[in-house]
Amino acid sequence: MRVISVISDSNIGGAGNVLVNFMKFADKDKFLHTIALPQGSKLTEKLDSLGVETLEIPGIGEKSFDRRHVARFLRLFREKRPDIVHTHASLSARVAARLYGKCAIVHTRHSAFVIPAAAKKFPRRALSGFINSLFSDVIIAISPACYENLVDLGTDPRKIVTLQNGVEPQKRLTGAE
């Protein structure tokens with residue numbers, strides 16, 4: 001199964017660390033992973049060292065949506081033919097995946113924040129919920145707070161799964177260490 005993950009972070013933050021950790025333990029016999037990330041991303045070297053295919057895409061850094069990037073991602077998806085597109089804050093990639101139409105769209109929400117009162121009311125709440133429903137088949141909230149944020153912003157709770165971030169198992173210390 002081919003999976004393309006898209007991350008728009010140029011630096012290594014929480015989402016990047018989660019992605020690197022996930023790639024360390026991903027089942028490479030069942031899943032063929034490609035990571036699309038900004039050109040010059042600090043994640044590239046770490047992912048390459050794990051044997052994960054990376055594609056650096058100019059201009060996608062630190063920006064969730066840019067209509068010019070939709071066409072770029074759509075070309076990528078038509079070329080690579082993913083079964084799953086997994087995004088980390090890239091609405092452009094989710095829109096392109098929906099236009100591609102031949103894959104499941106998974107979006108991971110990595111942060112919770114204080115939501116302005118206006119965003120919790122019509123019409124902004126309805127628009128946000130509509131966008132998340134239309135451009136995601138499943139949304140992963142990495143914490144209960146992220147789940148609540150998504151619901152407060154109008155996202156259908158039936159689309160949200162809470163999966164807390166995993167961490168690499170710690171080595172047990174012996175008395176000799």
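This is a predicted model: local features need pLDDT of at least 70, side-chain atom pairs count only at pLDDT 80 or more; totals for chains, interfaces and linings use all residues.
Pockets first. The largest one holds about 480 Å³ of space. What lines it? The lining of the largest pocket is made up of 23 residues. Nearest the centre you find Val18, Phe22, His86, Thr108 and Ile140. Several elements contribute. β1 (2-7), α1 (14-25), β4 (84-88) and β5 (104-109) each give at least two residues to that lining. Which element gives the largest share? That is α1, with six residues. In the lining of the largest pocket, 13 residues are nonpolar, nine are polar and one is charged.

On to the second largest pocket. Its volume is about 400 Å³. Here 18 residues form the lining. Look at Ser64, Ala89, Arg94, His107 and Arg109, which lie nearest the centre of this pocket. At least two lining residues come from each of α4 (91-100), β5 and α5. So much for position; by class, this lining has seven nonpolar, eight polar and three charged residues.

Last, the surface. Leu127, Phe130 and Leu134 make a nonpolar patch there. Together they have about 290 Å² of accessible area. Take Leu134. This residue sits in helix α5, which covers residues 124-134.

Key:
Residues are numbered from 1 along each chain as its sequence is written. Side-chain values use heavy atoms; hydrogens and water are left out. Patches are made of residues with over 30% relative accessible area and no salt bridge: like charges are joined within 9 Å, nonpolar side chains (Val, Leu, Ile, Met, Phe, Trp, Tyr) within 5 Å. Accessible areas come from the Shrake-Rupley method with a 1.4 Å probe; for residues, only the protein chains shown count as cover. A salt bridge is a side-chain nitrogen of Lys or Arg within 4 Å of a carboxyl oxygen of Asp or Glu. Helices (H or I, at least four residues) and strands (E, at least two) are DSSP runs, numbered from the N terminus. On a 1 Å grid over the protein atoms alone, a cavity is a set of points where a 1.4 Å probe fits but cannot get out, and a pocket is an open set with protein on both sides within 12 Å along at least five of seven lines; lining residues have an atom within 4 Å of a point. Grid points are joined across faces, edges and corners, and a volume is the space filled by probe spheres set on the points. Ala, Val, Leu, Ile, Met, Phe, Trp, Tyr, Cys and Pro count as nonpolar, Asp, Glu, Lys and Arg as charged, and the others, Gly among them, as polar.
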